[in-house]
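Okay, everyone, thanks for coming.

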Amino acid sequence: MHLFRKKSITSMLAEKNAAGTTLKKELGVFDLTMLGIGCVVGTGIFVLTGVAAAQHAGPGLILSFILAGIICAFCALCYAEFASMVPVSGSAYTYSYATFGELVAWILGWDLMLEYGFAASMVASGWSGYFQGLAAGFGIALPHAISSAFDPKAGTYVDVPAVLIVLLLTFIVSRGSKESSRLNSIMVIVKIAVIALFVVVGAFYVKPGNWTPFMPFGFSGVVTGAATAFLSYLGFDAVATAAEEVRNPQKDLPRGILWSLAICSLLYVLVTAVLTGIVPYSQLNVKNPVAFALQYIDQNWAAGFISLGAIVGITTVLFVLLFGQSRLLYAIGRDGLLPGKLARLHPRTGVPSVSIWTTGIAVAVLAGLIPLGRLADLVSIGTLFAFITVSLGVVILRRTRPDLPRSFKVPLVPWIPLLAVLTCGYLLTSLPRITWIAFLVWMIFGLLVYVLYGYRHSELSGSAGRQQGN
């Protein structure tokens, strides 16, 4: 039973408020909303919209994003309730520690490390591609050997731009949460302005005839598009990881999560509507659909801004992923399941500098040396498992701890959390077999780490470990 020893919410809050052991409280609703938008609106809106429209849903991708947004809203509501109740770093890992016990918490923490690590590495690789494309437009070309990940047959050995952008953003994150979130907010505003430019310019060239047929692949195509589009919304988990750095977490965290989801959904729907209204959906199977659409209507001046906006957009995604991963390592290290140095705070900046640089170096190595494109589904499987666990946790704590103060409550419990579980479970079944195999291998390795290190070094070991959470 020691495997399922729980960390009480009371002790979590006391630990969070202990002098010298907590992160600086510097973030508000605006900062959290910008973090959410920064992670959600990136490669999805600049790349995914075209491919999903051409291959799966046609103009019906508008409905796909609405459907995906509703599914994600179910999960976001559950996150918001937990965030108001347990405003502690670690997101789903911390929530499951209080609800299901240490073993499940470790599994979720290990799962989220996979999600954030691979996602950040792949985004860094994508950033490198966009950056090199923009540089090529100015007649600047990197030596082929340092332009991509290790592939001797192709003559490439290290992706230098990917490594450099990861290390630069890691340095920025290490400067402090307020400073780094301020830069993120500036980049997000630029990104939103670029998207608004596309919507305003493109709206004058929309031909309603391009929306006919609206669902060329049938409603099943819309559902498939929703499964694909859902992956674009996987950013608000990172908002919850910033819980300890929020000035008024009980109110601001739920608002930040829900506001970011609402704004991102609106942006996706507007861009998809204009995109499919400008260009026939069958021609959108390109890597840069938004810029392509503006070139299609001979607005090349705006297409250049879109390319720049794509780079800024991808930069914010990478920034938030690095931020979220470092806070996750901080929380796990503080609980003793990983080395305690990960929870060490820098005396001047008040941030977990060891966790930040551990994250940055690991992501830089992965992005620079290892081709990760085929492992993209591992990011999805990790996130979906986290969503399911958090949704179930809301139902369990409503029954076992109805006395806990909740400044935000999910409506219609247990139905909305169960809908979140069912819809995420359905999306899990659509993932390929090789993804499940790779995921299970990662989980087995994680269990070995827990058995050999985490179980014995846990803060709940010994007599404390035999006490169940309040």
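**A walk through the model**

Let's start at serine 180, which sits in helix 8, residues 177-203. When I say helix, I mean a DSSP run of H or I at least four residues long, numbered from the N terminus. Before I go on: this is a predicted model, where local features need pLDDT of at least 70, side-chain atom pairs count only at pLDDT 80 or more, and totals for chains, interfaces and linings use all residues. Residues are numbered from 1 along each chain as its sequence is written, and side-chain values use heavy atoms, with hydrogens and water left out.

So, serine 180: buried or exposed? Buried, because its relative accessible area is 0%; the cut-offs are under 20% for buried, over 50% for exposed and partly exposed in between, with a 1.4 Å probe and protein chains only. A polar atom of the serine 180 side chain lies 2.8 Å from the backbone oxygen of glycine 176. If you skip neighbours within four places in sequence, serine 180 is in contact with Ile172, Val173 and Phe319, contact being heavy atoms within 4.5 Å.

Now the core. How many residues does the largest nonpolar core have? It has 143, and the ones with the most contacts inside it are Leu35, Tyr79, Tyr93, Phe198, Phe230 and Leu318. Helix 13, residues 300-334, gives the largest share of this core, 17 residues. By nonpolar core I mean a set of buried Ala, Val, Leu, Ile, Met, Phe, Trp, Tyr and Cys residues joined through side-chain atoms within 4.5 Å. Take phenylalanine 230: not counting residues up to four places away in sequence, it touches Ala68, Ile71, Cys72, Leu384, Phe387, Cys424 and Leu427.

Here's another phenylalanine. Phenylalanine 74 is in helix 4, residues 61-85, and counts as buried because its relative accessible area is 17%. Phenylalanine 74 and valine 421 are 347 residues apart in sequence, yet 9.0 Å apart in space, C-alpha to C-alpha. With residues up to four places away left out, phenylalanine 74 touches Ile416, Leu419 and Ala420.

Next, a helix pair. The axes of helix 7 (residues 160-173) and helix 14 (residues 353-369) come within 8 Å and cross at roughly 170°. Helix 7 and helix 14 are therefore roughly antiparallel; angles over 145 degrees get that label. On the helix 7 side, the contact includes Val163, Val166 and Phe171, and on the helix 14 side it includes Trp357, Gly360 and Val363. Sorted by class, that contact has eleven nonpolar, three polar and no charged residues.

Most residues other than glycine have a negative phi, and most peptide bonds are trans. Now look at threonine 212 and proline 213, joined by a cis peptide bond with omega about -5°. Proline 213 lies in the loop between helix 8 and helix 9. Valine 413 to proline 414 is cis too, with omega near 10°, and proline 414 is in the loop between helix 15 and helix 16. Leucine 412 is in the loop between helix 15 and helix 16, with a positive phi of about 55°. Aspartate 298, in the loop between helix 12 and helix 13, has a phi near 60°. Which is aspartate 298, buried or exposed? Exposed, because its relative accessible area is 62%.

Technical notes. Helix = DSSP H or I, 4+ residues; strand = E, 2+ residues; numbered from the N terminus. Polar contact = N/O pair within 3.5 Å; in protein donor to acceptor, adjacent residues only side chain to side chain. Axes fitted to C-alpha atoms, helices over the stretch in contact; angles between N-to-C directions. Parallel < 35°, antiparallel > 145°, perpendicular 65-115°, else oblique. Nonpolar A, V, L, I, M, F, W, Y, C, P; charged D, E, K, R; others polar.
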